[in-house]
Amino acid sequence: MFSIAGLGVFARKNGQGFAVAAVIAIAAQFLSEHYGAPAMLMALLLGIAFHFLSEEDACKPGIEFTARTVLRFGIALLGARISVELMIGLGAQMVAVVVAAVVLTILFGLLGARLLKRGWRFGLLTGGSVAICGASAAMAISAVLPKNEHSERNLIFTVLSVTVLSTLAMIVYPILTEFFDLDYLVAGVFLGGTIHDVAQVVGAGFSVSDKTGEIATLVKLIRVAMLAPVVLIISLAVRHYATTSESDGNRPPVLPFFVISFLIFAALNSLGVIPQAVIETMSGLSRWALLVSIAAVGMKTSLKRILDVGGQAILLIMAETVFIAFLVLLSVAILGH
């Protein structure tokens, strides 16, 4: 149990860093609402601009706390948006296409990273973020990967890249659905199954039609539902196979608490226990927690370190994006939709 004095010490230690990240997140949301820029991207870029604060004793502990604990809190709350009913509504074949696309894209990322000599951590990070839900997946996967000197740089690069690529896809992919004259079901599955971030999926889907937007959002949430099992599998694999040097001496928990929380909230939502108003509140809290935490992650990393990532990394994440787009489109074509 926390005492009042303990809470006071905790607030004094972490309050300044958290407050700065929160202010950056609010500014990012303002820019998103007034200028149409992706909020995650704005939070990340503004955070990078305030990197110097992560080197000051007053803010450093709070920035670390926000980038780690607040992040996991936001991911856990994502579970309230998931239910079994979502998957049943789409049909077994389309669910199979989405699940296969997620798994194969992650494997493609691992293979590509190996061919480009980028390391398995980077392959999992980029492949998982492209396959599942962009920045949120990147942060969740990064939380269970063993850390090395490149971990924060790779996370920032991945979040930045998937956000930019997702924004481009939001513009280009609806044009492709019109060009190929796809019906609302195929267009919805294509948009929801390939665009990285939820907000961009919604924007792209409803820009085509209401029916397309509904299908795209449904497919995207099924991809989000894959986050917990993927993170669990990665956590178990890391625990079993990673060497002591790879995991800096600390074995990760068998099942991270934020993954357990995600699954509990998803189960409660599937049972209809959580009222819709509460789901909406949890969804909003999740979004803000992720926005604040990505601002903190940005503050932890210098721009110079991001630029050191190299052209091969850019090639890999672009190849993963093209791979999942081609795979989903080919699958729905074969199924005759």
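Predicted model: local features only at pLDDT ≥ 70, side-chain atom pairs only at ≥ 80, totals over all residues.
Trainee: What share of the contacts with a separation of 6 or more comes from residues 24 or more positions apart?
Mentor: Take the contacts in the chain with a separation of 6 or more, and pick out those between residues 24 or more positions apart. Their share is 80%.

Trainee: Are α7 and α8 roughly parallel or roughly antiparallel?
Mentor: Helix α7 covers residues 135–144, and helix α8 covers residues 151–179. Their axes come within 9 Å and cross at roughly 165°. Angles over 145 degrees count as roughly antiparallel, so α7 and α8 are roughly antiparallel.

Trainee: Which classes of residue make up the contact of α7 with α8, and how many are there of each?
Mentor: On the α7 side you will find Ala 135, Ala 138, Met 139 and Ser 142, and they meet Leu 155, Thr 158, Val 159, Val 162 and Thr 163 in α8. By class, that gives 6 nonpolar, 3 polar and no charged.

Trainee: Is Asn 148 buried, partly exposed or exposed?
Mentor: You can find Asn 148 in the loop between α7 and α8. The C-alpha atom of Asn 148 is separated by 9.6 Å from that of Arg 121, 27 residues away along the chain. The relative accessibility of Asn 148 is 28%, so the residue counts as partly exposed.

Trainee: How are α8 and α16 oriented to each other?
Mentor: Helix α16 spans residues 311–334, and its axis comes within 11 Å of that of α8. The two axes cross at roughly 40°, and the crossing is right-handed. The orientation of α8 and α16 is therefore oblique.

Trainee: How many charged residues are in the contact of α8 with α16?
Mentor: From α8 come Phe 157, Thr 158, Ser 161, Val 162, Leu 165 and Tyr 173, while α16 brings Ala 313, Ile 314, Ile 317, Met 318, Thr 321 and Ala 325. Sorted by class, 9 are nonpolar and 3 polar, and the number of charged residues is none: no charged residues.

Trainee: Is Thr 194 buried or exposed?
Mentor: Thr 194 lies in helix α9, residues 184–194. Beyond its neighbours within four places in sequence, Thr 194 is in contact with Tyr 173, Arg 223, Ile 324, Ala 325 and Val 328. Its relative accessible area is 1%, and under 20% means buried, so Thr 194 is buried.

Trainee: How many charged residues does the contact of α9 with α11 have?
Mentor: The axes of α9 and helix α11, residues 210–225, come within 7 Å and cross at roughly 40°. Among the residues making the contact are Thr 194 of α9 and Lys 211, Lys 220 and Arg 223 of α11. By class there are 8 nonpolar and 5 polar residues, and the number of charged ones is 3.

Trainee: What kind of aromatic pair do Phe 50 and Phe 52 form?
Mentor: The structure holds 5 aromatic pairs. Phe 50 is partly exposed at 35% relative accessibility, and Phe 52 is partly exposed at 43%. Their rings are 6.1 Å apart centre to centre with 35° between the planes, and the pair is tilted.

Definitions and conventions. Residues numbered from 1 in each chain as written. Heavy atoms only, no water. Axes fitted to C-alpha atoms, helices over the stretch in contact; angles between N-to-C directions. Helix = DSSP H or I, 4+ residues; strand = E, 2+ residues; numbered from the N terminus. Parallel < 35°, antiparallel > 145°, perpendicular 65-115°, else oblique. Left-handed = near helix turned anticlockwise from the far one by under 90°. Contact = heavy atoms within 4.5 Å. Nonpolar A, V, L, I, M, F, W, Y, C, P; charged D, E, K, R; others polar. Phe/Tyr/Trp six-rings, centres within 6.5 Å; stacked < 30°, edge-to-face > 60°. Buried < 20%, exposed > 50% of the residue type's maximum accessible area, 1.4 Å probe, protein only.
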